[in-house]
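Please walk through the model below, from its charged pairs to its sheet, its helix packing and a few single residues.

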Amino acid sequence: MTTASRRTTVFGGSGFIGRYVVKRLAARGDVVRVAVRDPVAAAFMKPMGAVGQIVPMRVNITDTAAVGEAVRGCDVVINLVGILYESGRQRFESIQGQAPELIAAAAKAAGATEFVHVSAIGADAASSSIYARTKAAGEAGVRRHFPGAPILRPSIVFGPEDGFFNRFAALAQLAPALPLIGGGTTKFQPVYVGDVAEAIVRVIGNPAAQGKVFELGGPRIASFRELMEFMLRTTGRRRALVNLPFGLATAMAAVLEKLPMPLLTRDQVALLRHDNVVSPGAADLRSLAIEPTAMEAVVPQYLEIFRRGGRYGAGRFA
C-alpha cells in the first residue's frame, strides 16, 4: 500500500455483499472506510487488509453530518445499504428511497470522483411494492448527483452467509411442509455473491460502465418451486411443497409481518407476483467479462451443515 492508494468508502460494507467487496478492494490496495451502524461488530473485517487499511466507522445514513464525515477525502463511494423488511426506525422510504441521494450529495460535495450504487432487479417507480418503488427512488436520487454512476441490480444473491437458501434450509428442519406462494411459479436467477462483488469492483474506473444499469443473474433461471426442490435435495430432506394462493399468502403475511423478524410480509408477496430475472438485452455479468457461477457449484458446500443435522447461526454456521 502506498500514499497514492485509492480511498474508498463503502456504506453497508459489513453486510453479506459488503464483506466480499471490501476484501477485493483491500486486495487492490484501497484504503477502505466501512460505514456501518455497529463498528464493533464490523471489527472482524480489519484482518482482510493491512494494518490501518480497513477502518470501520459508525454512521447513521440518515444523518447528513455523519455521512459527510464518512466520505470526507474519499475518491470512490459505494452504497450497498438496503433492507428486506421494515422494523422500528428502519423504513424503506428513509433507507432505500432517501439515503442514497443523501450519500451521493455528500460524496459529490466532498469531491469524490466515482459513485457505485447497488439496487435490485425489479426496481420500479410504478411497482405495487414499496420495496421496489424505493429502490427506484434511490437510483434516481443517486443519478441526480452522479449521472454517470453505474447501478447494479442483482437477482437473489447466494453464498455462505445468504438469507435465502440458509433460511429455507433452516425452516425445513422444523416444518413438515414449505409454502409455495402463488404456486411457486415466480422465476429467479440466483447470482453468486462473489460475482456481484467482482462486478462492483470492475465498474470502478471503467469508462464503459459509466451511466449503465447492470442486471446481475447467474447462469440458470429457476422457479421458486425448483429452488426449493434443489434445496431439499441438497440437504437430503423430504418435505411437502404446498401451494399457497397469493390472496391467502397476503392474509397470512398481514399477521406474520408483525413479528420482530417476519417470516413473510405483504410487500414480499407483492414482489413475488413478478419474475426476478435479467431483462433481455440488459448489461450483465458477461458485459464485465465475468462468467456467472452456478449455484450447484457453491450452495452444496455451505448447506452441508443442514445435511449433517446442524443449524445456521448468526453470521456463521453454529
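**Salt bridges, sheet and selected residues**

The structure contains 13 salt bridges, a salt bridge being a side-chain nitrogen of Lys or Arg within 4 Å of a carboxyl oxygen of Asp or Glu. This is a predicted model, in which local features need pLDDT of at least 70 and side-chain atom pairs count only at pLDDT 80 or more, while totals for chains, interfaces and linings use all residues. Residues are numbered from 1 along each chain as its sequence is written, and side-chain values use heavy atoms, with hydrogens and water left out.

One of the salt bridges links the side chains of Glu 198 and Arg 24, at 3.1 Å from N to O. Glu 198 lies in helix α6 (residues 193-203) and Arg 24 in helix α1 (residues 18-27), so this pair ties together parts that are 174 residues apart in sequence. Helices (H or I, at least four residues) and strands (E, at least two) are DSSP runs, numbered from the N terminus. Glu 198 is partly exposed at 22% relative accessibility, and Arg 24 is also partly exposed, at 25%. On this scale buried means under 20% relative accessible area, exposed over 50%, and partly exposed in between (1.4 Å probe, protein chains only).

A further salt bridge joins the side chains of Glu 86 and Arg 91, at 3.0 Å from N to O. Glu 86 is partly exposed, with 28% relative accessibility, and Arg 91 is partly exposed with 37%.

Arg 144 and Glu 101 also form a salt bridge, their closest N and O atoms being 3.0 Å apart. Arg 144 belongs to helix α4 (residues 130-145) and Glu 101 to helix α3 (residues 92-109), so the pair ties together parts that are 43 residues apart in sequence. Arg 144 counts as exposed at 55% relative accessibility, whereas Glu 101 counts as partly exposed at 24%. Elsewhere, salt bridges with shared partners join Arg 24, Glu 198 and Arg 202 into one network.

What angle do the axes of α3 and α4 make where they cross? The axes come within 8 Å and cross at roughly 10 degrees; axes are lines fitted to C-alpha atoms, for helices over the stretch in contact, and angles run from 0 to 180 degrees between N-to-C directions. The two helices, α3 and α4, are therefore roughly parallel to each other, given that angles under 35 degrees count as roughly parallel, over 145 as roughly antiparallel, 65 to 115 as roughly perpendicular and the rest as oblique. On the α3 side the residues that meet α4 include Phe 92, Gln 96, Pro 100, Glu 101 and Lys 108. Among their counterparts in α4 are Ile 130, Tyr 131, Val 142, Arg 144 and His 145. The residues of this contact between α3 and α4 divide into eight nonpolar, six polar and five charged. In that division Ala, Val, Leu, Ile, Met, Phe, Trp, Tyr, Cys and Pro count as nonpolar, Asp, Glu, Lys and Arg as charged, and the others, Gly among them, as polar.

The sheet comes next. Seven strands make up an open sheet with parallel pairing, in the order β3-β2-β1-β4-β5-β6-β11; two strands pair if DSSP finds at least two bridges between them. At the edges are β3 (54-58) and β11 (213-216), each of which pairs on one side only. From one strand to the next, the twist averages 20 degrees. Strand β2 (residues 31-36) runs parallel to β3 and is joined to β3 by five bridges, with Val 32 opposite Ile 54 in β3.

Helix α1 packs on the sheet and touches β1 (7-11), β2, β3 and β4 (76-79), its direction making about 160 degrees with that of β2. Helix α4 packs on the sheet too, touching β5 (114-118), β6 (151-154) and β11, and its direction makes about 175 degrees with that of β5. Contact means heavy atoms within 4.5 Å.

Asn 276 sits in the loop between α9 (266-271) and α10 (299-307) and is buried at 15% relative accessibility. Not counting residues up to four places away in sequence, Asn 276 touches Ile 121, Ser 155, Ile 156, Lys 187, Phe 188 and Gln 189. Ala 289 is found in the loop between α9 and α10 and is exposed, with a relative accessible area of 61%. Although Ala 289 is not a glycine, its phi is positive, at about 60 degrees. Ser 223, in strand β12 (residues 222-223), is buried at 13% relative accessible area. Leaving aside neighbours within four places in sequence, Ser 223 is in contact with Gly 184, Thr 185, Thr 186 and Lys 187.
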